[in-house]
Amino acid sequence: MNELQFETSPYLLQHAQNPVHWKAWNEKSLHEAKDRNKLLLISIGYSACHWCHVMEYETFENESAAIIMNEFFINIKVDREERPDIDAIYMKAVQLMTGRGGWPLNVVCLPDGRPIWGGTYYRKNDWMNTLEQLQELYLTQPSKMIEYAEKLHEGIETLGLTPTETSEIDFSLLDNFLKKWSKSFDWEFGGYQRAPKFMMPTNYQFLLQYGHLTKNEKLLEYVDLTLTKMAFGGIFDVVDGGFSRYSVDTKWHVPHFEKMAYDNGQLLSLYANAFKLSKNELYKEVIVKTISFIEKEWLTDENAFFSALDADSLTNENHLEEGAFYVWTKNELQTILKDEFELFASVFSINDFGFWEKEHYVLIQRENLQSVANQFQISEEELKIKKRNWEKLLYTEREKRKKPRLDDKIITSWNAMILKGLVESYKALQQNHFLDLALKNAHFIVSKLWDENGNLWHTYKNKKASINGFLDDYAFVIDAFIALYETTLNEKWLKNCKNLTDYCLDHFYDEQKGLFRFTSNLDNALIANHYEIEDNVIPSSNSIMATNLFKLGIYFENGHYENISKKMVSQIIPSIDYPSAFSNWLIAALHFSTYQKELGICGPKVFEYLDKINQSYFPALLLAGSEKESDLAFLKNRYKQGETLFYFCQNKMCLAPKNNFNEMHKDLID
């Protein structure tokens, strides 16, 4: 056993029995590289990463490879989910060196941590040859390595940073962005015309929002197509709910079978908003199934959520194989479904369209149930009942299989994404259980992940919080707590948001750059500061903070918050090249447009009207309310005994209060 045996990360523990003398990232390991003047080998991955497992099996479990690594390098394993700051810095380095990135991420560094070589997955012989060459170069030409490291380090420090100049936000840019963006739309299966195909929830949140606000039916049609095709499977697990990380093809069919908390939390919010607008029953089914999956597989006895399920699981022959838990053979399905197999096969494409490999099928619908029902001359309602019964049968059968491995660490930002997804699902469907789950998780965050010094922790396992929180932890918790306030009207959630925001301004904000650093100024510095700006599968923490600051600026009438938010947005929007990589910034920009509205409701019937509003889709609306006199700045002196009043505001101008819901509703939809 190497030193990783003392860690709690499932990913690090998976490598604890490798013959490589792995160490964890800590001061002792880093000092050892300097003291012994050895190159650092930093290998970064995560527990649900298929190719990380392949490289471990092929290379890190191999004695010959281990001998080279142990003799010449200080070998450090990093769980990217525990240390996204380390991952971000070295991912930049690899992208600069190779033009691409991914996991496993492997870098070789000088003893001081500055990278000199990097890449992703390597076969054993290539890996060993490369390491031997690097060690030889370090012994014979160290000055060349140092010169390269210095130039690369300069690139790392500037990569992705935008000019600090700001200008008025030009909203005409949004239409220009869409013209460029729409050229990549896949009008057959939704998403983009490429494979692999990632879901990118924030992209569709913006497109849904902008399509609705501008009454662009074509844009809404595209979002509906995308969400429908995703819901048809196989990227969505139709048997038990939950989404996999991405599909390897263009039709959302064969997923990379890992299931991640951050995807599923964000997709709950997306499908909830889409349901509010369309009332599409398919979206409701996705929400209910996904929450059921999250509750069964990830909910802990402390009301937190685990991180992930692995892509790989054991076959009947005890071999780890990607997707083994999820796939079916035709013979298996015929045995389970008997006389109804033909109808089932038509619904779930047990044909060339649904075939994967090695006699395996991944369930996927090609057409809606009404079309299949017409072909078989039965009613759609009858087919829906059959489909539900089939899914129960398959679920029971599948539960007999060996489940994918669980990553049982708890990550603060990912919990916040699920929390917000639950809140948005409650708003859309008004199922009290969803709100109950959200509130319990929020109390877990406050009681277990937020300490008396005001800082959040990043991870939690074995009833112990660890690793000082990163900007994304604060950003997503604030975002989720704002959503919780808009649902419960309990002002303690907003006060929590303000405290966390002030902590971020004290410890993360770089006034000179006008952005927030990813790492607190209380933490040991890495080789460069990281400012998370681009929106990826997870939106950037700076773009989330821009929206948080805007909303809290309204609630608390805090001009400082609002000015920082506007400065951030004004700095980023002019520098955008490709809009899909900045979609959450575009959402933040809309707060400063004429679409932005605010509504305060004060009086005894506040919750009756609040539920009506929350079930409708008002994406550019900030909500506040109270059943009694409130000290919240936005609501102050707006309560009138025995009367429920609506205060509608837009662009720093408020209309006279109204007591008629229908009249107020017209203001909202104008």
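**Strand pairing and backbone geometry**

Analyst: In this predicted model, C649 stands opposite C654 in β24.

User: How many residues lie between β23 and β24 in their hairpin?

Analyst: β23 and β24 pair in the antiparallel sense over two bridges. The turn of this hairpin contains N651, whose phi is positive at about 55 degrees. The number of residues between β23 and β24 is two.

User: Which strand pairs with β21 in the antiparallel sense over five bridges?

Analyst: Strands of a sheet pair through backbone hydrogen bonds, either parallel or antiparallel. For β21, the parallel pairing over six bridges is with β22. In the other pairing, G600 has Y647 as its bridge partner. The strand that pairs with β21 in the antiparallel sense is β23.

User: Which residue of β22 is the bridge partner of I601?

Analyst: Strand β21 spans residues 597–602 and pairs with β22 in the parallel sense. The bridge partner of I601 in β22 is G625.

User: Which strands stand at the edges of the open sheet of four strands, and why is one side of each left without a neighbour?

Analyst: The open sheet has mixed pairing and runs in the order β22-β21-β23-β24. Each edge strand has a single partner strand, so one side of it has no neighbour in the sheet. The edge strands are β22 (621–626) and β24 (653–654).

User: How many of the six residues of β23 are buried?

Analyst: A residue counts as buried when its relative accessible area is under 20%. Strand β23, residues 645–650, is mostly covered by this criterion. The number of its residues that are buried is five.

User: Where is the cis peptide bond with omega near 5 degrees?

Analyst: Most residues other than glycine have a negative phi, and most peptide bonds are trans. The cis bond with omega near 5 degrees runs from W103 to P104.

User: Is K358 buried or exposed?

Analyst: K358 is not a glycine, yet its phi is positive at about 50 degrees. Its place is in the loop between α14 (341–347) and β14 (360–361). Because the cut-off for exposed is over 50% and K358 has 59% relative accessibility, K358 counts as exposed.

User: What is the relative accessibility of Q430?

Analyst: Q430 also has a positive phi, about 55 degrees, without being a glycine. Q430 sits in the loop between α17 (412–429) and α18 (432–448). Its accessibility makes Q430 count as partly exposed, and the value is 22%.

User: What is the radius of gyration of the protein chain?

Analyst: The C-alpha atoms fill a box of roughly 80 × 70 × 50 Å along the principal axes. For 670 residues, a compact globule would have a radius of gyration near 26 Å. The chain agrees with this, at 26 Å.

User: How far apart lie the centres of the positive and negative side chains?

Analyst: The protein chain has 72 positive and 94 negative side chains. The centres of the two sets lie apart by 3 Å.

User: What percentage of the residues in the protein chain is buried?

Analyst: The accessible surface comes to about 27100 Å², of which carbon and sulfur atoms hold 47%. Of the 670 residues, the buried share is 61%.

Definitions and conventions: Residues are numbered from 1 along each chain as its sequence is written. Side-chain values use heavy atoms; hydrogens and water are left out. The radius of gyration is taken over C-alpha atoms; the globule rule is 2.2 Å times the number of residues to the power 0.38. Buried means under 20% relative accessible area, exposed over 50%, partly exposed in between (1.4 Å probe, protein chains only). Accessible areas come from the Shrake-Rupley method with a 1.4 Å probe; for residues, only the protein chains shown count as cover. Lys and Arg count as positive and Asp and Glu as negative; His and the chain ends are not counted. The place of a charge is taken as NZ of Lys, CZ of Arg, CG of Asp or CD of Glu. Two strands pair if DSSP finds at least two bridges between them.
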